[in-house]
Amino acid sequence: MEIATAKMTDLEGVMDLHKRYHISSINPDDKADGFVTTNFTPEQLQALVEKECGITIAKDGGRIISYAMAASWQFWSEWPLFAHMIQKLPEHFLEGQGLTVDNSYQYGPICVDKSYRGSGVFEKVFNASLDSMAGRYPIMVTFINQINPRSYKAHTQKVNMNTVGTFQFNNNDYYMLACPTKTK
Ligand SMILES: CC(C)(COP(=O)(O)OP(=O)(O)OC[C@H]1O[C@@H](n2cnc3c(N)ncnc32)[C@H](O)[C@@H]1OP(=O)(O)O)[C@@H](O)C(=O)NCCC(=O)NCCS
């Protein structure tokens, strides 16, 4: 398995995986094991790759089997959910430090092909994504829908994320989580 930062030529494989587990197109039998909700335009994906260097991928035999997105709040501010999170950031703290758009970035969505789940791919892609942003920001922030218990367990028990609060948006209940980008 190879972990890398995605290039434009990887986007087709990333979007193939994304659509398979997106809430609007997921096989109903797969929904209990988690789903992603963020939509991207081609222009947003291009900016994510070229300006933010923000997609970490895992490939097996040349096929993309996992991706994790990560980018500045400025990038995410176009999406209403992230605009709402930006407003909520000052209410939340990690180890006593208030969250801001300058000291943190937003990670997610992350996705692992279902035949590779529970194999350690999640932890490898998560940590590679974190490392890729550590030189730019001290804190990583994400959200998880409260009806996605698999993702919540993975992020709080397989890797070291802390639940810093909860919020509601569009009749959905979310956890807000954060962690330092550098391990002490
Ligand atoms: C979320 C995701 C990235 C996690 O990666 P993963 O490889 O599945 O994670 P793991 O299997 O290592 O860890 C998940 C844990 O939750 C457990 N789990 C599975 N279903 C669960 C459920 N319904 N409730 C609670 N825990 C559950 C698993 O058994 C595992 O714990 P264990 O290893 O102690 O048995 C992956 O499941 C995925 O891509 N899901 C679809 C997209 C998604 O939900 N993305 C996240 C959006 S926030």
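1. Start with one pair. Lys-59 and Asp-10 form a salt bridge through their side chains, with N to O at 3.0 Å. Lys-59 sits in strand S2 (residues 55-60), and Asp-10 sits in the loop between strand S1 (2-5) and helix H1 (11-20). The pair therefore ties together parts that are 49 residues apart in sequence. Lys-59 and Asp-10 are both buried. Keep in mind that this is a predicted model.

2. Next, Arg-20 and Asp-113. These two form a salt bridge, and their closest N and O atoms are 3.0 Å apart. Arg-20 belongs to helix H1, while Asp-113 belongs to the loop between S6 and H5. The pair links distant parts of the chain, 93 residues apart. Buried or exposed? For Asp-113, relative accessibility is 5%, so Asp-113 counts as buried. Arg-20 has 31% relative accessibility, so Arg-20 counts as partly exposed.

3. The loop between S6 and H5 holds a further partner. Lys-114 forms a salt bridge with Asp-30, and the closest N and O atoms are 2.8 Å apart. Asp-30 lies in the loop between H1 and helix H2 (42-50), and Lys-114 in the loop between S6 and H5, so this pair ties together parts 84 residues apart in sequence. Asp-30 is buried, at a relative accessible area of 10%. Lys-114 is partly exposed, at 48%.

4. Consider the wider set. How many salt bridges does a search of the whole structure find? The count is seven. A network of salt bridges links Asp-16, Arg-20, Arg-63 and Asp-113. The Arg-20 to Asp-113 pair of point 2 has both its residues in that network. In general, side chains of opposite charge can pair when their charged atoms come close.

5. Now the largest pocket. It holds about 660 Å³ of space. Its lining comprises 32 residues. Which lie closest to the centre? They are Ile-110, Asn-148, Arg-150, Ser-151 and His-155.

6. Where does the lining come from? Strand S6 (104-112) and helix H5 (121-134) each supply at least two lining residues, as do strand S7 (139-145) and helix H6 (149-158). Check these four elements against the structure above when you look at the pocket.

7. By class, 14 of the lining residues are nonpolar and 12 are polar. Six are charged. Arg-150 is one of the residues closest to the pocket centre, and arginine is counted in the charged class.

Technical notes. Residues numbered from 1 in each chain as written. Predicted model: local features only at pLDDT ≥ 70, side-chain atom pairs only at ≥ 80, totals over all residues. Heavy atoms only, no water. 1 Å grid on protein atoms, 1.4 Å probe; cavity = no way out; pocket = protein on both sides within 12 Å on 5 of 7 lines; lining within 4 Å. Points joined across faces, edges and corners; volume = space filled by probe spheres on them. Salt bridge = Lys/Arg side-chain N within 4 Å of Asp/Glu carboxyl O. Buried < 20%, exposed > 50% of the residue type's maximum accessible area, 1.4 Å probe, protein only.
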